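Please read them with the coordinates open.

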Amino acid sequence: SSGINAEYGGYREEGMALYGSLTCSGDGSLVYLDRPDDVHYVVEIKCPASKVIPEIPPKYYVGQMLIQSLCYSQFLPEGDLPEIIFVVWTPTFTRVWAYKPDSMLVDQLVTVLGKLQKGDFKMSSRQAPKPVISLRADLQTAAKTFRLIGDFPSCTMCVRPPEMPAADIIT
């Protein structure tokens, strides 16, 4: 569904996007009205079963979101990496972070994924290849640089009455 406001732009759900051999399917994006085809912010939403919101995003989500940013970068005029908005929802409160992807980290991620896909690494049941270990550490470092936008009360039932325009809902 689309929450794109005729005056300001807004949120839209995204389908699958491809970038070379990488495939991603982000939860959505934020777009501006005057450039509705340009994805300016990739949105990823998590609803953890544990109901615990971490202080920083887990590194495995960082890698996923970097791939999504890369996939959607092809829709921007300059091929810039869209900023990431990461939302973690629980019934009590919602935490929101923002992150501007580092292109060198994205290149590192794509290189390691490509080599894993081709079988270029000698895999061991004891230890991951050094480039994979290095990538994990760099993703953890990147997670620490996400900007906390804030914690907000969660909406547990967000139903819009038919007579209320979607743009008028604040939850």
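1. Two definitions come before the helix packing. Axes are lines fitted to C-alpha atoms, for helices over the stretch in contact, and the angle between two of them runs from 0 to 180 degrees between N-to-C directions. An angle of 65 to 115 degrees counts as roughly perpendicular.

2. H1 and H3 pack with their axes 8 Å apart, at an angle of about 90°. H1 is therefore roughly perpendicular to H3. On the H1 side the contact is made by Lys-59, Val-62, Gly-63 and Leu-66, and on the H3 side by Arg-136, Leu-139, Gln-140, Ala-142 and Ala-143. By class, this contact of H1 with H3 has five nonpolar, two polar and two charged residues.

3. The model is a predicted one. The protein has nine strands and three helices. Along the sequence the order is β-β-β-β-β-β-α-β-β-α-α-β.

4. H1 (residues 59–73) also packs with H2 (residues 103–118), at an angle of about 100° and with the axes 10 Å apart. That angle makes H1 roughly perpendicular to H2. Gly-63, Leu-66, Ile-67 and Leu-70 of H1 meet Leu-105, Val-106, Leu-109, Val-110 and Leu-113 of H2. The contact of H1 with H2 has eight nonpolar residues, one polar residue and no charged residues.

5. Gly-63 and Leu-66 deserve a look in the viewer. Both are listed in the contact of H1 with H2, and both are listed in the contact of H1 with H3.

6. Is Cys-47 buried or exposed? Cys-47 has a relative accessible area of 52% and is therefore exposed. The residue is found in the loop between strand S6 (41–46) and H1. Cys-47 and Val-87 are 40 residues apart in sequence, and their C-alpha atoms are 8.5 Å apart in space.

7. Two totals complete the note. Of the 171 residues of the protein, 38% count as buried. Among contacts between residues at least 6 apart in sequence, 58% join residues at least 24 apart.

Methods
Residues are numbered from 1 along each chain as its sequence is written. This is a predicted model: local features need pLDDT of at least 70, side-chain atom pairs count only at pLDDT 80 or more; totals for chains, interfaces and linings use all residues. Side-chain values use heavy atoms; hydrogens and water are left out. Helices (H or I, at least four residues) and strands (E, at least two) are DSSP runs, numbered from the N terminus. Angles under 35 degrees count as roughly parallel, over 145 as roughly antiparallel, 65 to 115 as roughly perpendicular and the rest as oblique. Contact means heavy atoms within 4.5 Å. Ala, Val, Leu, Ile, Met, Phe, Trp, Tyr, Cys and Pro count as nonpolar, Asp, Glu, Lys and Arg as charged, and the others, Gly among them, as polar. Buried means under 20% relative accessible area, exposed over 50%, partly exposed in between (1.4 Å probe, protein chains only).
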